Amino acid sequence: MHVRSARRTVLLSAALAGAALLTACGADGGSQTSDDKPAAKVTVTPAAGSKSAKLGSPISVKVDGGSLTSVEAKDDKGGKVGGKLSGDGSSWTSDGKVKPGTTYTVHTTTKSGDGKESSADSTFTTEKADKVNKLTNTPSNGQTVGTGMPISILFDHKVAKEQRAEVQKALKVTTQPQVEGAWGWVRDWSGKDRIDWRPKTYWPAGTKVSVKGGLGGIDSGKDGGWFARDYDFGFTIGPDHKAVIDVPSHSMTLYDGGKAVGTITGSAGSPQDPTRGGVHTVRSKNAAETMDSSTIGHGNEWMLDSKWVTHLTASGTFLHSAPWNKSLGVVNNSHGCFGMTTSDAKRAYDFLSIGSTVEVKNTTSTKKTDVGNGLEVWQESWEQWQQRSAVK
């Protein structure tokens, strides 16, 4: 009995061991060791190897069977493409859209379920644009301007109304100190589309302004084409220099930081051609210029050489020397400009910078100056200006 019992025990142990071995071997294929787990599968859109990937979408990366630990995307100029990784590491999306005619390389690092890391590269090229839209920014990069200066962006081609909100959202303004302001769409005097950003009130002197336009890859419409690049520029607000013209007294007072620092006598527009009222912004200056009557609708009445010309409106409202006028400070007899002696014109020219404001008071003119007729953003109230935004 004792011998049989021992033998039965040995046989039972062997049987159990065989059962355990069978289960571990997975005879039915239902289990795998950790070494058999598949690597994480990464999908990049646009697809790798594409030579003409469609425009209008961001770069997208997704992973199956693991998680993304890092994604690095660069264009063919070495520029880094910013993007955001999802909280669970399952996807990554670029901040902007792909640009036309550009080759991108996307380097991904993933971690599979068993903790193994792997990396891969994906390269694709986007299709070229049939038409490219560009812009001209004012102020230019690094410029110092007056306290009334708007940020003005002039487009080469039209921006369709249905595309304006997207374009506007891609434009970011950062200021130090913080300044409240808003974008508004404008039809420039040239007939081109324009978008301006103006502060709610005048800039504080010394403000640093940075403008970034993540426009690359955005469609401006069938008549405008695609934006092919991003933009980045900055400028500084200089001293608070302003001028106020009082038409009946034939005078222009200069202000520095709100304090009057001098008065210049001259001649404003005649009753037939009164100087336009409101707050104008100095848009450009010219040390010497020929005043041609045909440019403001007066035919061939005059052709006069002037110096120290400060331009306000695009339609021809200027501050300038008028040595031919023998009634300066006595009679308002110009065709809408404010004329002065040559020395006073230079004084105004030197004192007022691009972006300084010149307010015209007590004029008989009833004409409303359009915002696009120069940098005339101060012709409207803050409430009126906000209505120009495409983002509601």
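Ser267 is buried, with a relative accessible area of 0%; buried means under 20% relative accessible area, exposed over 50% and partly exposed in between (1.4 Å probe, protein chains only). The model is predicted, so that local features need pLDDT of at least 70 and side-chain atom pairs count only at pLDDT 80 or more, while totals for chains, interfaces and linings use all residues. Residues are numbered from 1 along each chain as its sequence is written, and side-chain values use heavy atoms, with hydrogens and water left out.

Ser267 is located in the loop between strand E21 (259-265) and strand E22 (278-281); strands (E, at least two residues) are DSSP runs numbered from the N terminus. Leaving aside residues up to four places away in sequence, Ser267 touches several residues, among them Asn325, Ser327, Leu328, Cys337 and Phe338, where contact means heavy atoms within 4.5 Å. A polar atom of the Ser267 side chain lies 3.3 Å from the backbone oxygen of Ser327.

Most residues other than glycine have a negative phi, and most peptide bonds are trans. A cis peptide bond joins Thr45 and Pro46, with omega about 5°, and Pro46 is in the loop between strand E1 (41-45) and strand E2 (58-64). Thr138 and Pro139 are also joined by a cis peptide bond, with omega about 0°.

His250, not a glycine, has a positive phi of about 55° and counts as buried at 14% relative accessibility. Trp308 has a positive phi near 55°, lies in strand E24 (residues 303-311) and counts as partly exposed at 21% relative accessibility.

Terms used:
Helices (H or I, at least four residues) and strands (E, at least two) are DSSP runs, numbered from the N terminus. A polar contact is a pair of N or O atoms within 3.5 Å; within protein, one must be able to donate a hydrogen and the other to accept it, and residues adjacent in sequence count only if both atoms are side-chain atoms.
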